[in-house]
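These notebook entries record what I looked up in one structure. I begin with a charged pair and then turn to the chain as a whole.

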Amino acid sequence: MQFVDELKKRRSIYSLGSNVEVSEEELVSLIKDVVKESPTSFNSQTSRAVILFDDAHKKLWDITEELLKPLTPEDAFPNTQAKLQGFANGKGTVLFFEDQDTVKQLQEQFALYADNFPIWSDQASGIAQVNVWTALAQLNIGANLQHYNPVIDERVAQEWNIPSNWKLRAQLVFGSPEAPAGDKDYMNDEDRFKVFGK
């Protein structure tokens with residue numbers, strides 16, 4: 001199936017460049033459409049996205065490096081710097097957030113399911129993330145997903161005037177693929193799936 005082929009094309013690409021042939025306007029439109037069409041529990045539409053290009057994108061990874069330096073052993077920091085520079089070499093980053101006010105409203109409105117709404121919110125975010133990632137892959141744009149929250153949350157909120165009720169969940173770095181993804185191993189189906197019928 002074509003859909004499975006699209007999923008197979010979505011891989012973690014760590015060697016990224018900024019030579020993306022799709023315009024920023026087209027990318028913004030695509031990301032907006034994909035997030036809007038990604039399902040959420042009770043059609044709550046909790047997912048939020050901030051799209052950073054070029055200088056703003058590089059600023060994110062400068063901030064991340066600054067904040068990680070005091071938290072990283074000195075001898076390990078060069079490797080961290082190299083990894084972050086690899087992200088900065090890309091074209092952009094999509095910051096994925098979840099609106100906590102909406103989650104709280106749903107908890108109050110549907111008290112029976114209150115404990116589940118934070119879980120469903122995280123699931124919605126994950127769906128939006130992988131859908132955007134897969135859509136970018138179809139345009140031959142490489143990407144990898146990062147999670148530097150909560151270390152960077154406060155500075156990101158200050159830098160880009162993020163509402164206090166938006167909770168940062170992930171950072172999807174994207175750009176031109178400069179090297180292919182590595183090999184991917186799969187565990188045995190017998191250990192992963194069970195099928196029952198008549």
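Entry 1. Which side chain meets Lys91 in a salt bridge at 3.2 Å, N to O? I found that the side chain of Glu24 is the partner of Lys91 in this salt bridge. The term stands for a side-chain nitrogen of Lys or Arg within 4 Å of a carboxyl oxygen of Asp or Glu. I noted that the pair links distant parts of the chain, 67 residues apart: Glu24 is in helix α2 (residues 24-37), and Lys91 is in the loop between α4 (77-88) and β3 (92-99). Helices (H or I, at least four residues) and strands (E, at least two) are DSSP runs numbered from the N terminus.

Entry 2. I recorded the basis of the work. The model is predicted, so local features need pLDDT of at least 70 and side-chain atom pairs count only at pLDDT 80 or more, while totals for chains, interfaces and linings use all residues. Residues are numbered from 1 along each chain as its sequence is written, and side-chain values use heavy atoms, with hydrogens and water left out.

Entry 3. I checked the exposure of the first pair. Lys91 counts as buried at 11% relative accessibility, whereas Glu24 is partly exposed, its relative accessible area being 27%. The classes are buried (under 20% relative accessible area), exposed (over 50%) and partly exposed (in between), with a 1.4 Å probe and protein chains only.

Entry 4. I looked for another partner of Lys91. Asp54 also forms a salt bridge with Lys91, and their closest N and O atoms are 3.2 Å apart. Because Asp54 lies in helix α3 (residues 54-68) and Lys91 in the loop between α4 and β3, the pair ties together parts that are 37 residues apart in sequence. Asp54 counts as partly exposed, at 31% relative accessibility.

Entry 5. I searched elsewhere in the chain. Asp122 and Arg169 form a salt bridge with their closest N and O atoms 3.1 Å apart. This pair, too, links distant parts of the chain: Asp122 is in helix α6 (residues 117-138) and Arg169 is in strand β5 (residues 166-177), 47 residues apart. Both are partly exposed, Asp122 with a relative accessible area of 37% and Arg169 at 21% relative accessibility. The search of the whole structure finds 5 salt bridges.

Entry 6. I then read the fold along the sequence. The chain has 8 helices and 5 strands, in the pattern α-β-α-β-α-α-β-α-α-β-α-β-α. Its radius of gyration, taken over C-alpha atoms, is 18 Å, close to the 16 Å that the globule rule gives for 198 residues, so the chain is as compact as a globular protein of that length. The rule is 2.2 Å times the number of residues to the power 0.38. The C-alpha trace spans about 55 × 40 × 40 Å along its principal axes.

Entry 7. Of the 198 residues, 39% count as buried. Among contacts (heavy atoms within 4.5 Å) with a separation of 6 or more, 85% come from residues 24 or more positions apart.

Entry 8. I ended with Asp183, which is found in the loop between β5 and α8 (189-192). Asp183 counts as exposed, at 80% relative accessibility. Its C-alpha atom is separated by 29 Å from that of Asp75, 108 residues apart along the chain.
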